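Please read them with the structure open alongside.

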Amino acid sequence: PPFPLAAQTPPARAPLVGQPPFQPPGSQVSVPPPSFRPQTQVLPVPMGSPPQNVNFPPSSANVPQPPSDSSFSGPRPNFQMASPLPDHSATKSSFQPPFPGYPGKQPAVSQAPSPFPAQQGNFMPPPAPPSPFASQQGSYAPPPPVAANLGYQSRDQMQHPGSAPPTGSIQSLTEDFSSLSISSMPGSIEPGLDYRTLPRPLDGDLEPNSFLEMYPMNCDPRYLRLTTSAIPNSQSLVSRWHLPLGAVVCPLAEAPEGEEVPVINFASTGIIRCRRCRTYVNPYVTFTDAGRKWRCNICSLLNDGEYFANLDATGRRIDLDQRPELLKGSVEFVAPTEYMVRPPMPPLYFFLIDVSISAVRSGMIESSLTQPQMMVVSDLDDVFVPLPDDLLVNLSESRNVVETFLDSLPSMFQDNVNVESAFGPALKAAFMVMSQLGGKLLIFQNTLPSLGYGRLKLRGDDIRVYGTDKEHTLRLPEDPFYKQMAADLTKYQIGVNIYAFSDKYTDIASLGTLAKYTGGQVYYYPSFQSNIHGEKLRRELARDLTRETAWEAVMRIRCGKGIRFTSYHGNFMLRSTDLLALPAVDCDKAYAMQLSLEETLLSTPTVYFQVALLYPSKG
């Protein structure tokens with residue numbers, strides 16, 4: 001039998017005067033099985049009636065578990081359910097004592113039908129089926145369950161199941177357990193939590209369809225994505241926002257599978273734009289005056305012109321299905337010649353390769369052929385180009401010559417023992433060759449520049465600097481030469497990508513300035529070895545040369561009234577307050593912008609953004 005709790009077991013009482021002891025029907029009386037423990041005679045007690053003025057919530061109940069016994073011959077099911085406690089204003093949600101009539105110990109007899117009528121909030125399990133465990137000599141048969149009125153139990157009884165009535169049948173408990181839901185706290189008037197509203201993790205990087213369905217005319221998030229799904233409408237809310245407020249733009253991101261960005265050519269009419277803010281026509285402009293005028297969604301100016309079509313009864317253009325610019329969030333407009341500064345130039349790739357002894361030993365340049373051809377410029381202070389018109393060749397016409405040169409390059413310098421690097425003068429020479437056409441300059445550097453322009457010093461050898469306020473200076477450019485060169489390169493539409501290979505200090509902070517302000521990228525291979533990093537270099541270089549790239553581009557992002565962009569992050573040159581110069585931008589480049597509110601309180605419920613990337617050619 002269960003162990004009684006001394007502090008909570010009610011004393012046995014004699015029958016009331018004039019009331020006979022409670023006896024179950026004879027048909028349901030069973031002989032208690034023998035037990036190894038001496039059984040204590042339990043006096044019958046009156047079964048009190050539950051209070052009628054208490055209504056329990058129709059949720060699940062907390063069913064205590066009967067204790068197990070070491071002499072029990074088989075496993076017993078273990079169920080536990082939670083239920084909010086009833087809220088009583090008179091008792092202020094205090095626990096009630098057990099019902100009178102529950103003994104602290106249960107006799108090993110079959111249960112008679114409960115005299116309690118079914119009440120709201122009472123747990124009334126059906127009669128228990130016969131126990132599958134047959135009574136055997138020397139074993140203990142568990143007592144059948146008692147219909148328990150749950151909800152009035154003391155804290156000790158909930159912590160010690162032995163002082164509470166046994167559980168109901170397994171089938172009934174299973175049904176009630178399956179009907180459980182996430183409910184409110186005990187004594188609370190808040191409704192239960194719907195588990196279906198809880199967020200679910202995304203499948204990889206896939207965007208949930210619900211968001212795209214809500215705004216079908218928005219561009220795909222891979223082109224433009226805000227850091228939050230809503231914009232604070234007041235300065236006071238911004239001060240309590242504590243979240244980065246901005247946008248991430250990837251203008252040439254690869255289109256989703258099975259989709260293409262529509263190309264639109266307005267021909268003689270020209271690109272349709274707002275007269276005041278120069279916003280391009282988009283799906284969120286509205287048409288009035290029978291289709292003769294349209295209102296800009298950015299500045300609310302009413303525009304008119306040749307962009308006309310009749311409206312239907314709902315105010316939509318009758319040619320809407322033939323206007324991708326009014327249906328799609330991302331489109332490409334074919335710009336007329338007045339949008340160009342100069343005619344489109346052919347894509348130009350210029351390779352600037354370090355051939356010092358460390359580059360040869362690391363395997364950065366290696367091949368099997370031997371056909372040395374080169375011209376040497378020994379003047380490092382007054383650099384000139386010996387053949388300004390013959391150093392650039394058309395790849396399709398001279399592919400064999402280029403491949404032969406690359407194969408013969410390692411053998412040219414296999415006996416080189418020079419440890420110095422004249423990177424600055426070589427950079428100036430490359431700039432002279434490329435300044436007429438622009439393009440992309442790929443730099444392969446293995447040694448710290450030490451001769452001529454832009455020579456750098458070894459920094460970071462003083463360990464006392466680390467962990468102090470002066471440590472951040474090691475991450476800043478040392479020589480302004482590289483930042484000035486980056487400005488000149490950007491002016492002539494030259495982008496720079498740097499491939500850095502070294503097992504020693506090369507001052508990436510200074511060299512990386514070239515890529516930072518020209519829209520380029522830095523690839524770093526510390527302690528490069530061709531047999532280890534060769535495949536990685538081949539893959540990244542092939543991606544760099546074959547991915548879709550726009551040349552001589554500029555980008556501007558416009559936003560609605562009341563907000564503005566305050567700072568921009570990425571590799572570019574900022575020409576004006578909001579114009580980004582990108583000599584070479586590809587599908588892997590992304591840029592971040594931070595937002596701020598210009599007004600104390602936004603008066604519009606919707607904020608619009610539009611990103612425009614202008615480029616003369618793409619390939």
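**Notes on cysteines, a helix serine and a strand pair**

1. The sulfur of Cys274 lies 3.5 Å from the closest cysteine sulfur, that of Cys299, which is too far for a bond. The model is a predicted one, and the cut-off that matters here is that two cysteine sulfur atoms must be within 2.5 Å to count as a disulfide. Cys299 is likewise in no disulfide, since its nearest cysteine sulfur, that of Cys274, is 3.5 Å away. The structure as a whole holds 0 disulfides.

2. Is Cys274 buried or exposed? Cys274 counts as buried, because its relative accessibility is 0%, and the cut-off for that term is under 20%.

3. Ser408 belongs to helix 6, which covers residues 399-412, and at 1% relative accessibility Ser408 also counts as buried. A polar atom of the Ser408 side chain lies 3.0 Å from the backbone oxygen of Phe405.

4. Which residues of strand 8 are on its covered face, and which on its uncovered one? In strand 8, residues 349-353, Phe350 and Leu352 make up the covered face, whereas Tyr349, Phe351 and Ile353 make up the uncovered one. As background, in a regular strand the side chains alternate between the two faces of the sheet.

5. Strand 8 pairs with strand 9, residues 439-445, in the parallel sense and over 5 bridges. Within this pairing, Ile353 stands opposite Phe444 of strand 9, and Ile353 is one of the residues on the uncovered face of strand 8.

Terms used:
Residues numbered from 1 in each chain as written. Predicted model: local features only at pLDDT ≥ 70, side-chain atom pairs only at ≥ 80, totals over all residues. Heavy atoms only, no water. Helix = DSSP H or I, 4+ residues; strand = E, 2+ residues; numbered from the N terminus. Buried < 20%, exposed > 50% of the residue type's maximum accessible area, 1.4 Å probe, protein only. Polar contact = N/O pair within 3.5 Å; in protein donor to acceptor, adjacent residues only side chain to side chain. Pairing = 2+ DSSP bridges.
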